[in-house]
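Hi everyone, thanks for coming. Let me put the model up on the screen, and then I'll talk you through it.

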Amino acid sequence: MVRGKTQMRRIENATSRQVTFSKRRNGLLKKAFELSVLCDAEVALIIFSPRGKLCEFASSSMEETIERYRNQVKEVQTENSSSVEDAQWQHLKDETASMAKKIESRELAKRKLLGEGLGSSTIEELLQIEQQLERSVSIIRARKMQVYNEQIEELQAKEKLLAYQNAMLNGNCLGQTKEQMEANLPTADSGENSDVETELFIGLPEKRTRQDRQK
């Protein structure tokens, strides 16, 4: 009878699951014993059943095997940690060396732009330096003109503001002068100071002459 291929999934039936566990546990314990005897290997096997029952096998001492395992894990972790630290340290060293080369190259280029250390420069390098300086001068001039234009616009705006304020002040002064002139004009008020003696004569001129002589 040919056995069918077992599907790797949880057995839903509790009885079948317990039977399968018992069979495979016994087979695993047998294989562990055979491995320790045939290959002279130190084997330790720990199994917990679904109900929490402990099943174990050790070719020598379980405690000694577990302790040996812990020490081995610590050594492996230490080696891995050392390897990681060495790799990080080497990466930092490489990055530092690369940054130092870049800084040295930038410093050399800076000195050449200032006209220093040009003795070892080739014609191509000198032409590149010249073109770079021309571009820099062009950029500086454009920026200078922009600053000049901004300052001119700012001064023109201030001039317009001052002219407007001056016009407002002149208008206020003219209005105040007109009000003062109107306030100083004499008014026809009745009183002792406003009395004026007048002579009014109604009649012919001859009568007026006689009356004047009689006075």
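What you see is a predicted model, so a local feature needs pLDDT of at least 70 and a side-chain atom pair counts only at pLDDT 80 or more, while totals for chains, interfaces and linings use all residues. Residues are numbered from 1 along each chain as its sequence is written, and side-chain values use heavy atoms, with hydrogens and water left out.

How confident is the predictor? pLDDT is its confidence in each residue, from 0 to 100. The protein chain has a mean of 80, with 79% of its residues at 70 or more. Confidence is highest in β1, at 93, and lowest in helix α4, residues 205–214, at a mean of 53. Please be careful with residues 188–198 too: pLDDT stays under 50 there, and the model has 1 contact for them beyond four places in sequence. By contact I mean heavy atoms within 4.5 Å.

Now the fold. The protein chain has 4 helices and 2 strands, in the order α-β-β-α-α-α from the N terminus. These are DSSP runs numbered from the N terminus, with helices being H or I of at least four residues and strands E of at least two.

Helix α2 covers residues 62–113. At 1.5 Å a residue, its 52 residues should span 76 Å, and its end C-alpha atoms are 76 Å apart, which agrees. The expected span is 1.5 Å times one less than the number of residues. Met-62, Thr-65 and Lys-112 are buried in α2, where buried means under 20% relative accessible area, exposed over 50% and partly exposed in between, with a 1.4 Å probe and protein chains only. After α2 comes Gly-115, with a positive phi near 85°.

Over the whole protein chain, 7% of the 215 residues are buried.

So which residues form the largest nonpolar core? There are 7: Phe-21, Ala-32, Val-43, Leu-45, Ile-47, Cys-55 and Phe-57. Leu-45 is in contact with Leu-28, Leu-29, Ala-32, Cys-55, Glu-56, Phe-57 and Met-62, leaving aside neighbours within four places in sequence.

Next, the aromatics: a search of the whole structure finds 1 pair. The ring centres of Phe-33 and Phe-57 are 6.3 Å apart and their planes are at 80°, so the pair is edge-to-face. Rings of Phe, Tyr and Trp (its six-membered ring) pair if their centres lie within 6.5 Å; planes under 30 degrees apart count as stacked, over 60 as edge-to-face and the rest as tilted. Phe-33 sits in helix α1 and Phe-57 in strand β2, 24 residues apart. Phe-33 is partly exposed at 49% relative accessibility, whereas Phe-57 is buried at 18%.

Also in helix α1 is Ser-36, buried at 11% relative accessibility. Beyond four places in sequence, Ser-36 touches Ala-41, Val-43, Phe-57 and Ser-59.

Finally, have a look at Asp-40, in the loop between α1 and β1. Asp-40 is exposed, at 71% relative accessibility, and has a positive phi, near 50°, in a residue other than glycine. Most residues other than glycine have a negative phi.

Terms used:
Core = buried A, V, L, I, M, F, W, Y, C linked by side-chain atoms within 4.5 Å. pLDDT = per-residue confidence, 0-100.
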